Amino acid sequence: MSRRVLVTGIGVAAPNGLGVKEYWNSTLEGRGGIAPLTRFDSSRYPSNLAGQILDFDPAEHLPNRLLPQTDVSTRLALAAADWALTDGGVDPAGMVDYDIGVITSNAAGGFDFTHREFANLWSKGPEFVSVYESFAWFYAVGTGQVSIRHKLRGPGAALVAEQAGGLDALGHARRTVRLGTPLVVAGGVDSAFDPWGWAAHLSSGLTSDSDDPERAYLPFDGEARGHVPGEGGAFLVIEDEQAYLRRGESTAYGELAGYAATFDPPPGSGRPPALRRAAELALADAGLAPSDIGVVFADAAGTPELDRAEAAALTQIFGPHGVPVSAPKALTGRLLAGGGPLDVVSALLALRDGLIPAVPYTGETPAAYGLDLVRAVPRETTARAALVLARGRWGFNSAVVVKATDRG
């Protein structure tokens, strides 16, 4: 179990950029993707800002035969997985099909697709419901479609843990590689911006009611008032180090060095939330001490109660102002299962380039939080390891540790 597991390819579909280069440039420059929702008329809803992907034409990225059978989230997943394989120099046709697995996370399923078919059922009749409804709605369809498209027959799985699920997919991929599968395509993508999906977002009671895209989602800010939902995410090629060396074709972004997941105790138990425990377990799994971590990519919920709880966990581990904290999701919104993998991408690129992305919006972090939040402009760093945190509704907590490598 001492085998190193590397990230050797990345594919990104984010509200502020398609592809690694565009996303990272936008993030460092503080260009966001939050704007009024345009998928339908949301003017009567209490919240109408979203992190939408507006420049993705599925017909430019996918075969025509896939378009009638896929939801928005599945199309984004297929594209991001393809970009990750290409970025990593992976040609599945030249490898043993059972040596490549696919592990994904999705929190919402094919909302837009299935509700469109529901409308056909109710207004026209069952004969007008697409035969693809039998699977296009399902949480595991991303794993299935990516596997089918690239003929990948290795271990497959789909995990559901809301915002924490994407990190769980990466952690499970790491475990799968260490158990003998040379390479796994893993990550998460979500999209739920039809009327029903939007109502599901708002049902949390945690979304911002601001109509100002630059003030709506303010994690760890004195004026925090909730989060903005987003869509998209990222896929990563997770690979055994020796398999990577045998291929000798890709760029290693870094090492997926540690992972852990915990579950919060029930409300009223008097026991503390388990986010701190997840972080400590991930550090132990990576064989690192808190002093080895040069930056934390926070869950950054954007509500005072949840921000205070996360700040408390971080100060208990690192001490007050003990580590720089970044929250690039302020530019994209919270992407559910896609949020964790996208933060891992940001962490790997920050270690590679020596730059921590900033929360671009002016404001102040409450002194009681004790956080060193990177604001306004990116901060130079010599960090060699980063901690990424994610929390899902109903008690899920996940943590991933990534390390820089000398390979690249």
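## Ground rules

Ala, Val, Leu, Ile, Met, Phe, Trp, Tyr, Cys and Pro count here as nonpolar, Asp, Glu, Lys and Arg as charged, and the others, Gly among them, as polar. This is a predicted model, with local features needing pLDDT of at least 70 and side-chain atom pairs pLDDT 80 or more, while totals for chains, interfaces and linings use all residues. Residues are numbered from 1 along each chain as its sequence is written, and side-chain values use heavy atoms, with hydrogens and water left out.

## The largest pocket

Let's start with the open space. The largest pocket comes to about 1200 Å³. (A pocket is an open set of points on a 1 Å grid over the protein atoms alone, with protein on both sides within 12 Å along at least five of seven lines; a cavity is a set where a 1.4 Å probe fits but cannot get out; lining residues have an atom within 4 Å of a point. Points are joined across faces, edges and corners, and a volume is the space filled by probe spheres set on them.) Its lining runs to 49 residues, and those nearest the pocket centre are Leu306, Gly392, Arg393, Trp394 and Gly395. Split by class, that lining has 26 nonpolar, 13 polar and 10 charged residues.

Which elements each supply at least two residues of this lining? They are helices H8 (195-202), H10 (275-286) and H11 (304-318), plus strands S15 (385-392) and S16 (396-403). (Helices are DSSP runs of H or I with at least four residues, strands are runs of E with at least two, both numbered from the N terminus.) H11 gives the most, seven residues.

Trp394, one of the residues nearest the pocket centre, sits in the loop between S15 and S16. Its relative accessible area is 61%, so Trp394 counts as exposed. (Exposed is over 50%, buried under 20% and partly exposed in between, with a 1.4 Å probe and protein chains only.) Trp394 also has a positive phi, near 75°, without being a glycine. His321 likewise has a positive phi, of about 55°, though not a glycine; His321 is in the loop between H11 and S11. Most residues other than glycine have a negative phi.

## H8, one face in

Gly197, Trp198, His201 and Leu202 are the buried residues to look at in H8. They fall within an arc of 140° seen down the helix axis, so they line one face of H8. (The arc is that of the directions from the helix axis to the C-beta atoms.) Strand S4 (49-51) and helix H4 (111-123) are included in what covers them.

Three cavities of 30 Å³ or more turn up in a search of the whole structure. Helix H3 (72-87), strand S5 (100-105), helix H6 (141-150) and strand S7 (183-190) each give two or more residues, and H3 has the largest share, with three.

Helix H12 (339-353) contributes the largest share, three residues.

## Cores

H12 shows up again in the largest nonpolar core. That core has 46 residues, and Ile10, Val12, Leu236, Ile238, Val344 and Val402 make the most contacts inside it. (A nonpolar core is a set of buried Ala, Val, Leu, Ile, Met, Phe, Trp, Tyr and Cys residues joined through side-chain atoms within 4.5 Å.) H12 gives the most to this core, eight residues. Beyond four places in sequence, Val344 contacts Leu167, Leu170, Leu236, Val388, Val400 and Val402. (Contact means heavy atoms within 4.5 Å.) Another core, of 39 residues, lies apart from the largest one, with Tyr217, Ala278, Ala300 and Leu331 among its members.

## Two buried loop residues

Arg334 is in the loop between strand S11 (324-326) and H12. Is Arg334 buried or exposed? Its relative accessible area is 9%, so Arg334 is buried. Beyond four places in sequence, its contacts include Tyr217, His227, Asp299, Lys329 and Arg391. Gln163 is also in contact with Arg334; the two are 171 residues apart in sequence but 7.8 Å apart in space, C-alpha to C-alpha.

Thr181 lies in the loop between helix H7 (165-178) and S7, and is buried at 10% relative accessible area. Not counting residues up to four places away in sequence, Thr181 touches Asp99, Ile100, Gly101, Pro155 and Thr176.
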